[in-house]
Amino acid sequence: MKKYDLITSGYVSMDHMLKIKTPAAVGFTSLIENKTNSEIYYGGCSVNIAYALCRLGMKAMPVLRVGEDYRKIGFEAFLQDGGVPTEGISMVEGETTSVCYLIQDNMGQHITIFYPGAMDGRYSRPLDDAIFEEAGMGVITVASRPDNQEFFQKCRKHDVPVVFGMKSDFDAFPEPFLRELLLNSKIIFTNEAERETIEKLFQLNDITELFRLSSAEIIVTTYGKEGSKYYRRTEDGSVDTACIPICDCIRVVDTTGSGDGYMAGFLYAYLKGMPMADCCRMGSTLSSFIIEKEGCCTNAPSQDALMKRFENFKKCIC
């Protein structure tokens, strides 16, 4: 048995949520209306996924860099309180931890401002082989190109199955690298626009044609309020597929991190050996918790809370 169920690669982010009363414009002042604007919400794709899974009793470790401030800002304590392994974290002296300002105006429009800090690609270094020798799966999300390439190559070297959270970010994933990732990932997650990017990149009539070109076994596309759809390559070469509706939540407060929540829930069910439809339902169920509060990890559920809502969700759709 491996020490870690999975390890994750991707930016860490100290998120600040700013809600402004009027759209931002050059030469004009916009008033901030949420008093929580100075609070730090710990996150970043790799952290969001690992934290949610650790809350559920899995062993999920983010591989990332932090600045000298990571204890002062409470990030180390946050990870420790969540039971998140920290062996994959290294500190960059003289630098600060990545920070992000998420701005939403009264029209629902978003602006994201990000300082990579310690996660800047210029700080990228070779990763310890021992981490990958003890990993059951490797999850790749958006990070600097050299960091993602190093993580991917180490996964390949140690035969660690790759899970790719697709992002149409051609700085992090220039086309040749994106092709390599898509051809060598076991599970691929996309939204509708990202799925279309893949189809265009490989000149496919349908995303399922990627199965004959790659080692992919599962492709999942999320459609926001319309739910999600999975495609699974079967042993006889056919494709099993189904559409899964969303799980209702109490109230939508903040959709930031919902995609990471879906991935975490799906992977939790997948690692538990659940049927593919239930993996999608679990992804939707976990995501429904995340969007009920500000912050990507604030409302990550316990195992009991997740399973209770999941079972109710299944009853409602049966």
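Gln203 lies in the loop between α6 (192–201) and α7 (210–213). Helices here are DSSP runs of H or I with at least four residues, strands are runs of E with at least two, and both are numbered from the N terminus. The model is predicted; local features need pLDDT of at least 70, side-chain atom pairs count only at pLDDT 80 or more, and totals for chains, interfaces and linings use all residues. Residues are numbered from 1 along each chain as its sequence is written, and side-chain values use heavy atoms, with hydrogens and water left out.

Gln203 is not a glycine, yet its phi is positive, at about 55°. Most residues other than glycine have a negative phi. The relative accessibility of Gln203 is 72%, so this residue counts as exposed. Exposed means over 50% relative accessible area, buried means under 20%, and partly exposed lies in between (1.4 Å probe, protein chains only). Asp159 also is not a glycine and has a positive phi of about 55°. Asp159 sits in the loop between α4 and β9 (162–165). Its relative accessible area is 69%, so Asp159 is exposed.

Ile20 lies between β2 (13–19) and β3 (41–43). With a relative accessibility of 6%, Ile20 counts as buried. Contact means heavy atoms within 4.5 Å. Neighbours within four places in sequence aside, Ile20 is in contact with Ser30, Leu31, Ile32 and Glu33, and also with Ile103, Gln104, Asp105 and Asn106. Ile7 is 13 residues from Ile20 along the chain, but the two C-alpha atoms are separated by 36 Å.

Glu292 is in the loop between α9 and α10. Its relative accessibility is 12%, so Glu292 counts as buried. Beyond residues up to four places away in sequence, Glu292 touches Cys249, Ile250, Arg251, Val253, Asn299 and Arg309. Ser238 and Glu292 are 54 residues apart in sequence, and their C-alpha atoms are 38 Å apart. Thr86 occupies the loop between α2 (75–81) and β5 (89–92). At 32% relative accessibility, Thr86 is partly exposed. Thr86 and Leu64 are 22 residues apart in sequence, with a C-alpha to C-alpha distance of 9.3 Å.

The nonpolar interior was examined next. A nonpolar core is a set of buried Ala, Val, Leu, Ile, Met, Phe, Trp, Tyr and Cys residues joined through side-chain atoms within 4.5 Å. The largest such core has 53 residues. Leu53, Phe75, Phe78, Val163, Phe189, Phe266 and Leu267 have the most contacts inside this core. Elements that give two or more residues to the core are α1 (45–55), β4 (60–67), α2, β10 (187–191), β11 (218–222), α8 (258–271), α9 (276–290) and α10 (303–317). Helix α9 gives the most, with 8 residues. Phe266, leaving aside neighbours within four places in sequence, is in contact with Phe189, Ile218, Val220, Met276, Cys279, Cys280, Met282 and Gly283. A second, separate core has 34 residues, including Tyr4, Val142, Ala172 and Leu181.

Two packed helices are described by the angle between their axes and the distance between the axes. Helices α4 (residues 145–157) and α5 (residues 175–184) pack at about 30°, with axes 12 Å apart. Axes are lines fitted to C-alpha atoms, for helices over the stretch in contact, and angles run from 0 to 180 degrees between N-to-C directions. The crossing of α4 and α5 is left-handed. A left-handed crossing has the near helix turned anticlockwise from the far one by less than a right angle; clockwise is right-handed. From α4, Arg145, Asn148, Gln149, Phe152, Gln153 and Arg156 meet Phe177, Glu180, Leu181 and Asn184 of α5. By class, this contact has 3 nonpolar, 4 polar and 3 charged residues. Ala, Val, Leu, Ile, Met, Phe, Trp, Tyr, Cys and Pro count as nonpolar, Asp, Glu, Lys and Arg as charged, and the others, Gly among them, as polar.

A disulfide is a pair of cysteine sulfur atoms within 2.5 Å. The count comes to 0 disulfides. For Cys45, the nearest cysteine sulfur is that of Cys296, 7.9 Å away. Cys45 counts as buried, at 15% relative accessibility. For Cys247, the nearest cysteine sulfur is that of Cys249, 8.1 Å away. Cys247 is buried too, with a relative accessible area of 8%.
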